[in-house]
Amino acid sequence: MPITHLLIDLDDTILNFHAAERRALKATLEAFGLDPSDQNCRIYSEINLGFWQALERGEITRERLLVARFEALYIRLLGLSRPHPSAAETQAFYEKRLSEGHDFMPGAKEMLDALHGKYKLYLASNGNIAVQRPRIRDAEIAPYFEDIFISEEMGADKPSKEYFDLCFARMPDAHRDRTAIVGDSLTSDILGGNRAGIHTIRYNPTGSLSRMDIIPEFEITNLADLPHLLENIP
Ligand SMILES: [Mg+2]
């Protein structure tokens with residue numbers, strides 16, 4: 001059955017979240033009196049990734065994650081004996097910065113132009129509304145999509161089956177065997193797509209290694225290859 005509907009991930013698939021995150025983080029570290037060095041950014045990224053993986057496993061709430069990552073960062077950078085800035089204020093400042101501006105992943109805009117009109121496109125993002133809505137507006141990509149599914153709004157996150165069930169409830173005429181998810185993350189996009197029983201296409205621009213336990217049906221390193229791939233899924 002040919003593909004008719006696409007769920008497309010936002011961060012690091014359409015928009016370069018990595019660049020936005022780095023910019024926002026440096027501004028935040030500086031504003032709260034910490035050295036905005038590459039090493040401190042790396043430490044934050046490590047902590048942040050750990051918390052998002054805990055969210056994907058259902059071990060922490062989104063609300064708690066957003067503040068807890070900065071608490072953990074302050075403990076790591078300042079130790080326990082020195083006073084810490086407020087993690088909640090840090091999170092609020094960071095979120096504001098993160099929502100400003102956008103950078104596209106290479107070929108993302110061209111890919112959306114090529115797919116729009118041929119497939120029903122839906123944006124499927126694990127993220128919070130306060131950050132994602134302004135970025136989507138800024139990047140002027142909303143018109144490409146039939147609907148936008150931000151996990152905070154949906155009340156469930158990728159890779160839960162519930163998230164995908166909620167998406168399908170808002171996708172008229174969509175059949176799972178004619179729907180594919182396209183995204184960079186094995187643990188949210190591909191695992192979620194496999195659980196939901198839809199086709200999975202991993203966008204893997206850096207050629208990073210696969211995992212034995214989460215296998216995408218297809219993989220692309222270049223977004224420009226997606227239209228051709230879709231046409232050839234029988
Ligand atoms: Mg992503």
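**Exercise 1. Work out how exposed D184 is, and what D184 and D9 do together in this predicted model.**

Step 1. Start with D184: its relative accessibility is 22%. Buried means under 20% and exposed means over 50%, so D184 counts as partly exposed.

Step 2. Now try D9. Its relative accessible area is 6%, so D9 is buried.

Step 3. Look at the metal. The magnesium ion is coordinated by D9 (OD), D11 (O) and D184 (OD), at 2.1 to 2.2 Å. Along the chain, these donors follow the spacing D-x1-D-x172-D.

Step 4. D9 sits in the loop between β1 (5–8) and α1 (17–31), while D184 is in the loop between β4 (179–183) and α9 (186–196). The pair is 175 residues apart, so it links distant parts of the chain.

**Exercise 2. Find the strands that pair with β2, and decide whether β2 is enclosed.**

Step 1. Take the β1 side. β1 and β2 run parallel and are joined by 4 bridges, with L7 standing opposite Y122 in β2.

Step 2. Take β3 (residues 147–150). β2 pairs with β3 in the parallel sense too, over 4 bridges, and here Y122 stands opposite D147.

Step 3. Follow the connection. β2, helix α6 (residues 129–139) and β3 make up a right-handed β-α-β unit.

Step 4. Count the buried residues. In β2 (residues 120–125) 5 of the 6 are buried, so the strand is largely enclosed by the rest of the structure.

Step 5. Zoom in on S125, which is found in β2. S125 has a relative accessible area of 1%, so this residue is buried. Leaving out residues up to four places away in sequence, S125 touches L10, Q132, F149, I150, S151, K158 and Y163.

**Exercise 3. Describe the nonpolar cores and say which element gives the most to the largest one.**

Step 1. Size up the largest nonpolar core: 31 residues, with L6, I14 and F145 having the most contacts inside it.

Step 2. List the suppliers. β1, α5 (108–115), β2, α6, β3, β4, β5 (199–203) and α10 (226–231) each bring at least two residues to this core. α5 gives the most, with 4 residues.

Step 3. Check the surroundings of F145. Setting aside neighbours within four places in sequence, F145 is in contact with I8, I14, L112, L121, Y122 and L123.

**Exercise 4. Is α9 enclosed or open, and what covers its buried residues?**

Step 1. Do the count. 8 of the 11 residues of α9 are buried, so the helix is largely enclosed by the rest of the structure.

Step 2. Name them: L186, T187, S188, D189, I190, G192, G193 and A196 are the buried residues of α9.

Step 3. Look at the cover. For these buried residues it includes α2 (38–56), α8, β4 and β5.

Step 4. S185 caps the N-terminal end of α9, where a side-chain oxygen lies 3.3 Å from the backbone nitrogen of T187. Just after α9, G197 takes a positive phi of about 75°.

Methods:
Residues are numbered from 1 along each chain as its sequence is written. This is a predicted model: local features need pLDDT of at least 70, side-chain atom pairs count only at pLDDT 80 or more; totals for chains, interfaces and linings use all residues. Side-chain values use heavy atoms; hydrogens and water are left out. Donors are N, O and S atoms within 2.8 Å of the metal (3.2 Å for Na, K and Ca); water is not among the atoms, so sites may look incomplete. Buried means under 20% relative accessible area, exposed over 50%, partly exposed in between (1.4 Å probe, protein chains only). Two strands pair if DSSP finds at least two bridges between them. A crossover is right-handed if, with the strands pointing away from the viewer, the path from the first strand over the helix to the second runs clockwise. Contact means heavy atoms within 4.5 Å. A nonpolar core is a set of buried Ala, Val, Leu, Ile, Met, Phe, Trp, Tyr and Cys residues joined through side-chain atoms within 4.5 Å. A polar contact is a pair of N or O atoms within 3.5 Å; within protein, one must be able to donate a hydrogen and the other to accept it, and residues adjacent in sequence count only if both atoms are side-chain atoms.
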